[in-house]
Structures are given as structure tokens and as C-alpha cells.
Amino acid sequence: MSISENDKKHVWHPFTQHRTAENPIVIERAEGSWLFGEDGQKYLDANSSWWVNTHGHGHPHIQEAIHQQFSTLDHVVFAGVTHPKAVELAMRITGLMPGHFQRVFYSDNGSTAVEVALKMVLQFWHNRGEKKQKFMALSGSYHGDTFGAMSVGQRGYFNAPFEPLFFEADYLDFPTGENDQEILQNAERWFASGKFAGLIVEPLVQGAAGMRMYSPEFLDVLVQCAKKYDVKVIFDEVMTGFGRTGKMFAMDHCQEKPDLVALSKGVAGGTLPMGLTVTGNDMYEAFLDEQISKAFLHGHSFTANPIICAAACASLDLFEQDQTWKNIESIGEWNRNFASELAELKCIDEVRQTGTILAFEIDTGEESGYFSSIREQAYRYFLDNELLIRPLGNVIFVNPPYCITKEEHTDMSKKIIDFLRSL
Ligand SMILES: Cc1ncc(COP(=O)(O)O)c(C=O)c1O
């Protein structure tokens with residue numbers, strides 16, 4: 001039996017309706033910006049394999065770090081034990097952030113990084129004997145698929161079966177610029193109720209909502225307001241972290257900084273899964289007590305896996321190279337040029353761009369949404385033209401690995417424009 005047939009028999013894929021889905025493409029190998037199929041077909045990894053890959057596939061420096069760590073220490077329990085790479089990574093990550101970030105809690109993916117942040121905030125108030133249990137979030141947000149992360153995310157068809165079990169959250173409208181003042185007034189009114197434990201946002205870019213972007217000025221005022229009412233602020237930088245917005249973190253564009261940051265995706269350069277929840281000593285100290293019950297009683301079997309920590313440190317080495325930042329800058333420039341070309345096309349509703357992310361909406365004459373009919377058509381066209389791009393409904397976006405060359409970017413842009421012209 002072929003891989004594809006065995007896959008059909010035994011594998012259950014994420015976000016997939018198996019009754020109607022086509023067979024998945026079989027990828028055997030990857031290098032740089034490219035994925036290679038078993039049938040000899042190759043694909044440019046234009047969305048960085050679910051937005052995780054930063055330096056390109058199979059980067060030799062990360063490979064070397066993984067090999068070396070595997071032969072030294074592959075895995076060890078992380079309660080009552082530590083190891084050099086976990087300590088190095090925590091020191092280096094906090095060193096990249098504003099001074100109040102001192103503590104790193106390790107977990108396994110973006111959802112758990114968020115889950116940990118939410119639990120920390122709730123227990124922070126619990127340990128202090130204050131009854132603050134509500135979260136505020138932005139409409140359209142996506143923070144992951146575990147229960148806490150779903151509870152503070154956009155409610156809808158993706159999570160409807162579980163909704164009765166979600167905890168309470170209040171949603172601010174998405175800030176478009178025109179409605180910013182009204183949203184900020186609502187936020188202040190809600191915060192003033194004293195019930196809110198925390199505010200969680202995807203800073204500056206809402207990923208799964210269609211790479212929707214909003215201004216750092218809005219976020220600064222929202223965070224300021226949250227702080228005025230002693231509401232803990234979580235930035236979910238799972239997608240925006242590690243250079244995606246042109247700076248290391250989206251919060252680097254802001255004056256006001258959060259209390260907690262959730263990181264994942266690009267932590268280990270997109271090679272291995274890891275979640276980080278980074279916070280300050282004020283949060284940490286609220287868990288210090290003679291009683292064990294005040295401790296943060298949360299953990300995962302693979303917490304701070306040494307191989308992943310080593311890959312993450314190697315990825316940070318690459319971020320220390322000027323070339324990486326030059327590449328990020330170049331992608332931004334190529335994206336801006338591409339955005340001007342797109343803006344000329346009649347079928348395009350809106351083009352959005354920040355750092356290495358470029359997104360645009362196709363005007364299909366139908367209501368926008370994840371299940372827009374253009375999605376399959378675009379996905380298929382791109383595959384036939386050596387591009388792996390998963391549209392978010394009628395939103396098409398690119399956020400390629402930072403090793404993409406100008407030629408590859410130009411070729412990708414041309415193919416996307418050809419598709420749009422063919423409509
Ligand atoms: C902003 C944001 N938060 C959280 C998550 C969840 O991360 P994971 O898929 O690793 O659980 C995602 C995933 O796309 C995300 O974009």
C-alpha cells in the first residue's frame with residue numbers, strides 16, 4: 001500500500017473533514033524554503049509550515065545543535081532537575097525582552113503556552129485572595145485549541161460543540177482605526193467593574209482571523225487602561241514572535257509592555273515543538289509560600305526537553321546574525337512592492353502588510369469567511385504551481401521562511417498574481 005493509502009486508513013488529520021478532503025500530499029524531504037513530495041513535485045513553503053519555520057528547513061546550525069544535544073542528554077524530567085540548555089534558553093529569551101521579564105515556564109506548543117498564561121493569571125489573583133476571574137479578549141482572536149485557549153478565543157463553528165463548557169470572557173470589537181475610541185471607552189467601563197483578571201490579545205496581528213492588523217497606538221492605550229485597573233495583560237506572541245512583524249517580538253513596536261508573553265511556533269526555528277510563557281518576578285513571587293497549594297501545580301512530561309532547548313538556542317544564534325535581520329528587512333521590502341501590485345487588481349479588497357507577513361482579501365462577491373469557495377480553488381492552483389499556501393477562506397497570505405531569495409519571492413508573487421488574473 002502507498003503512504004497515501006495507509007494514511008487514509010490510519011491517520012486523523014487536524015482541521016480536516018475526512019469525508020470530503022482530498023488525499024494529503026506526501027512530503028518526503030525539505031530544504032531551505034522548499035518541500036519535496038514523493039512524486040518528485042516540489043513546493044515553496046510560502047506559509048512556513050503553519051507559520052513556524054524561521055530560518056528555512058534543515059538549517060545546518062540547528063541540525064548540528066540537535067545532533068550534539070541528542071548524544072549528550074536527550075531528555076530528563078524537569079521537576080527537581082534542570083539542565084544547561086533550559087537555563088541558557090531562559091536567560092537568552094528574557095535577555096531579549098524588557099527588563100521586567102525574568103521567568104520562563106516551559107510547555108509544548110502555542111495552546112499550552114497560552115493555557116499556562118491564563119492559569120498563572122487566575123492563580124495569581126486566587127493566591128492573593130482576590131476574586132477576579134474574567135478575561136477580556138478581542139473579537140476574532142485565536143489562541144489555540146485547549147479549553148482555556150478556546151474560552152478566550154472567537155466563539156463559532158470551530159468550537160461550538162464545546163462552548164457550554166467554556167469559562168466567561170468578554171470581547172472587544174476588533175479595532176479598525178475608526179472605532180478605536182469607542183472600543184477603548186468600552187474597555188475602560190468593563191475594566192472598572194473590578195471583575196477582570198486579565199486581558200489577552202494577539203498583539204498587532206490576529207493570525208487565524210485572516211492576518212488582521214491593528215495599530216500599536218491602540219494597543220498602547222488598551223494596555224495602559226488595563227494596568228490602571230490592575231488587570232494582567234497577556235500578549236499571545238505565538239505567531240508574531242521571532243521576527244514575523246519585522247522586530248523580534250510584536251511588543252517591540254509598543255510603548256506599553258504586557259505582564260506575560262506566550263511564545264511557540266518559531267521558538268526552535270520551527271523545527272521542534274515548544275511553548276514558553278514568559279513573565280516577571282511580581283507574578284512568580286505571588287506563588288511563593290510555605291504551602292504547596294500556592295505553587296503553580298502544572299507541568300508536562302516533555303517540559304523543557306533538552307533537544308528542543310538546544311535547537312531553540314541555535315535558532316537564537318541565527319537571530320544574532322545581521323544577515324537574518326537583513327533578510328527579514330528584504331522580505332518586508334519585497335512584500336511592500338508586491339502589495340502595491342496587488343492593490344492595482346480589481347478583485348482585491350484589502351492588502352495588509354507588516355514585517356514578513358503579507359495578506360490580502362479576494363472579493364468573491366460572497367461574504368468573507370473561512371469556508372469561502374475560493375479557498376479550495378486557490379489552494380489547488382497554488383499546489384499545481386509549486387506553492388504550498390493554505391488560504392484562510394478568501395484571505396490569501398504569505399509569511400515565508402527568512403531564507404527565501406528575491407528570485408523565489410518574485411516567482412511566488414508572479415504566480416499569485418497569475419491566479420488572481422485568472423479569476
Ligand atoms: C496566536 C496563536 N496563539 C496560539 C496558537 C496555538 O498554537 P498551537 O497550534 O501550537 O497550539 C496559534 C496557532 O496558530 C496562534 O496563531
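Is Asp 230 buried, partly exposed or exposed? Keep that residue in mind, and we will come to it on the tour.

**Before you start**

This is a predicted model, in which local features need pLDDT of at least 70 and side-chain atom pairs count only at pLDDT 80 or more, while totals for chains, interfaces and linings use all residues. Residues are numbered from 1 along each chain as its sequence is written.

**The whole protein**

Show everything as a cartoon. You will find 13 helices and 15 strands; these are DSSP runs numbered from the N terminus, with helices (H or I) of at least four residues and strands (E) of at least two. The radius of gyration is 22 Å, close to the 22 Å that the globule rule gives for 423 residues, so the protein is as compact as a globular protein of that length. Here the radius is taken over C-alpha atoms, and the rule is 2.2 Å times the number of residues to the power 0.38. Along its principal axes, the C-alpha trace spans about 65 × 55 × 45 Å.

**Two domains**

Next, colour domain 1 (3-58 + 322-421) and domain 2 (62-319) separately; the bounds come from an automatic or database domain assignment. Their C-alpha centres lie 26 Å apart. Across the boundary, 23 residues of domain 1 are in contact with 22 residues of domain 2, contact being C-beta atoms, placed from the backbone, within 7 Å. On the domain 1 side, the elements giving two or more residues are helix H2 (48-51), helix H11 (322-343), strand E13 (348-354), strand E14 (357-362) and strand E15 (395-398).

Now select Ile 328, found in helix H11. Ile 328 is buried, with 22 other C-beta atoms within 10 Å. The cut-offs, using C-beta atoms placed from the backbone, are 20 or more others within 10 Å for buried, 12 or fewer for exposed, and partly exposed in between. Leaving out residues up to four places away in sequence, Ile 328 touches Gly 243, Gly 246, Gly 355, Thr 356 and Tyr 402.

**The core**

Select Ala 117 and Ala 312: of the 110 residues in the largest nonpolar core, these two touch the most other members. Such a core is a set of buried Ala, Val, Leu, Ile, Met, Phe, Trp, Tyr and Cys residues joined through C-beta atoms within 7 Å. Helix H10 (residues 306-319) gives the most to this core, with 9 residues. Both domain 1 and domain 2 give residues to the core, so it lies between them. Zoom in on Ala 312 to see Leu 89, Val 267, Ala 268 and Met 274, which it touches, not counting residues up to four places away in sequence.

**Around the ligand**

Display the ligand with the 14 residues that surround it; the closest are Asn 109, Gly 110, Ser 111, Gly 144 and Val 238. A residue is near if its C-beta atom, placed from the backbone, lies within 6 Å. Helix H5 (residues 110-127) gives the most to this shell, with 3 residues.

**Two loop residues**

Finally, find Asp 230 in the loop between helix H8 (216-228) and strand E10 (232-236). Asp 230 is partly exposed, with 13 other C-beta atoms within 10 Å. Its phi is positive, about 60°, although Asp 230 is not a glycine. Most residues other than glycine have a negative phi. Glu 386 also has a positive phi, near 65°. Look for Glu 386 in the loop between helix H12 (374-384) and E15, where it is partly exposed, with 16 other C-beta atoms within 10 Å.

Definitions and conventions
Two residues are in contact if their C-beta atoms, placed from the backbone, lie within 7 Å.
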